[in-house]
Amino acid sequence: MKTKLTTLILALSLSALSTTTSLAQPITAGAHTRVQTIYGPIEGYQDGSIFTFKGIRYAKAERFMPPQAPDKFTEVRQCKVYGPQAPQNESLRWNDRNSQSDYGFGNQFVTEPMDEQACLVLNVWTPSINDSKRRPVFVWIHGGGYSGGSGHDLPCYEGRALAEAGDIVVVNLNHRLNILGYVDLTGLGGKYSQSVNLGQQDIVKALEWVRDNIDRFGGDPQQVTIGGQSGGGGKVSTLLAMPSAKGLFCRAIVQSGSTLRQSDPKGTRQFGRELAAELGQPATAQADFTKFTYDELNQAVTRLAQRGIRGGFSPVVDGTILPQHPFDPASPESKDVPMLIGTDFNEFTFDISKEMTWSEAEDGVKKRMGEEQGSKFIAAFKKAYPKAEAKEMSYVDTGFRAGAVRQATAKSKQGGAPAYLYLFTWKPESNALGASHGMELPFMLHNVSLQREMTGASATAYKFEKLISSIWLSFIKTGNPNTKGLPNWEPYNEETGITMILDNKCEPLSHHDRELMQMSRSIW
């Protein structure tokens, strides 16, 4: 059965691959696509000028236990298809959705199977495995909160195009999620003393694999940039405060996921004890969770939630693995790490098609916020965006943006490496998505062609792709996002408050929405 499943996935994956790469470029495999990792030999494939390796095991882990180094092997392992994703609720798998906000509605890619024991895998795209050149490395961490997603969630997550455009090595990965990755069982003691932040520990293990192996893929282990969007941005924010991650990367990018604080251990440890009791286990180190299926674990969580007992399933300030909140204040662990931080203008407004008069827009704001607060919000919005249309006042994001400003401020106060702040305002002409959550993804990953239903794939979109991907590549290579075709971009600080507006016309603005952000602190 396993052999048949693997064969099916291989056939479907290669079929999907053929729809996204030029027919003029040969796809080959064999001895010339083999790499000897420190754990054993693997074989990928060469797609034109790029070597691709998928489903590489970077760790192994028992349920609710910290990850360990993978087993060594001597026979060549085939790494040509994506490995399994972490178990998650079907409703969180984007490819199963069918809505305006689902960026995968044109996605013909295969949704990989879920497997708790085999989901600790990563993928590598590189221009060469045979030269001595050491290229910058970009490790991309997927979104989906801390509960869903994978390194293959969206077509634009493919790393081939960015690796080719920038002559860099691109890596993305899967890790444990939800209850399997973020439950806190340290309150049980004993063997569970490190059973917390497991998803984050997985990512650290992946970064250790990169450190130990990436030079064999033409990468420089001393020039690693980590980046992530949405939940991936939260994971990056958290890694910046983890002692075990220090030195495994030198730059960081947070997109629509700025996270200042994480969970308090008092509540999460109590939930771990309640979970054990709900499953008929002692609330001690003697508890055995291996006898339950993933569904049975989730059913226990649901029963607890019905009684008002909730787990949260996100990183926890446990005092050891995560000693402090990531940016309240900024952790000293990452003082010397430059950051690129930003958000999208509309974020979770995925349909901006409804036209409004200023009267209608203002009435809507006052109805939601009250006369006094609404009037202040209207004045602050008009000051921030004097050329905006009326409807944009109803569609503007303030929550994600406020978090990004606060994160950049905390980073600046350290007096260490700089933080650069952006606001992505570009909107596709062909649909009503606006500058919504994740709209920058196909542009910065140089994959507009793989996400045409999202971007519209217009001539303007392709031109914009070159600029945005060059900004990300510049930061990945130097820690500075300035690039040709962009006005001078200064680091963020409290005095100047520079935010770079990313649109067909890019421009740096100084504290343009300060009053709006100050108001949003009370709103959010």
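Reply: Happy to! Contact here means that heavy atoms lie within 4.5 Å of each other. This is a predicted model, in which local features need pLDDT of at least 70 and side-chain atom pairs count only at pLDDT 80 or more, while totals for chains, interfaces and linings use all residues. Residues are numbered from 1 along each chain as its sequence is written, and side-chain values use heavy atoms, with hydrogens and water left out.

Helices and strands are DSSP runs numbered from the N terminus (H or I of at least four residues for helices, E of at least two for strands). Ser237 has a relative accessible area of 0% and is therefore buried; the cut-offs are under 20% for buried, over 50% for exposed and in between for partly exposed, with a 1.4 Å probe and protein chains only. Setting aside residues up to four places away in sequence, Ser237 touches Val254, Gly257, Ser258, Thr259, Pro326, Phe327 and Gln407. Asp115 is 122 residues from Ser237 along the chain, and their C-alpha atoms are separated by 27 Å.

Most residues other than glycine have a negative phi, and most peptide bonds are trans. The bond from Asp328 to Pro329, however, is cis, with omega near 0°. Pro329 belongs to the loop between helix H7 (294–306) and strand S12 (339–344).

Ala417 takes us to another loop, the one between helix H11 (399–413) and strand S13 (419–424). With 13% relative accessibility, Ala417 counts as buried. Beyond its neighbours within four places in sequence, Ala417 is in contact with Lys335, Asp336, Val337, Pro338 and Lys411. Arg251 is 166 residues from Ala417 in sequence, with 9.4 Å between the two C-alpha atoms.

Positive phi values turn up in loops too. Phe64, although not a glycine, has a phi of about 65°; Phe64 lies between strand S5 (50–57) and strand S6 (77–78). Asn197, also a residue other than glycine, has a phi near 55° and is found in the loop between helix H3 (178–182) and helix H4 (198–213). Phe64 is buried at a relative accessible area of 1%, and Asn197 is buried at 1% as well.

Helix H6 (residues 265–278) packs against H7 at an angle of about 115°, with the axes 10 Å apart. These axes are lines fitted to C-alpha atoms, for helices over the stretch in contact, with angles running from 0 to 180 degrees between N-to-C directions. H6 is therefore roughly perpendicular to H7; under 35 degrees counts as roughly parallel, over 145 as roughly antiparallel, 65 to 115 as roughly perpendicular, and the rest as oblique. In this pair, Phe271, Glu274, Leu275 and Glu278 of H6 meet Ala300, Val301, Arg303 and Leu304 of H7. By class, that contact has five nonpolar, no polar and three charged residues. (Ala, Val, Leu, Ile, Met, Phe, Trp, Tyr, Cys and Pro count as nonpolar, Asp, Glu, Lys and Arg as charged, and the others, Gly among them, as polar.)

Helix H8 (residues 358–369) and helix H9 (residues 371–384) make another pair, their axes coming within 7 Å and crossing at roughly 135°. H8 and H9 are therefore oblique to each other. The H8 side brings Trp358, Glu362, Val365, Lys366 and Met369 to residues of H9 that include Phe377, Ile378 and Phe381. The contact of H8 with H9 divides into six nonpolar, three polar and four charged residues.

Finally, the cysteines. There are zero disulfides in the structure, a disulfide being a pair of cysteine sulfur atoms within 2.5 Å. The closest cysteine sulfur to that of Cys79 is in Cys119, 16 Å away and so too far for a bond. Cys156 is in no disulfide either, its nearest cysteine sulfur being that of Cys506 at 19 Å. Both positions are buried, Cys79 at 4% relative accessibility and Cys156 at 0%.
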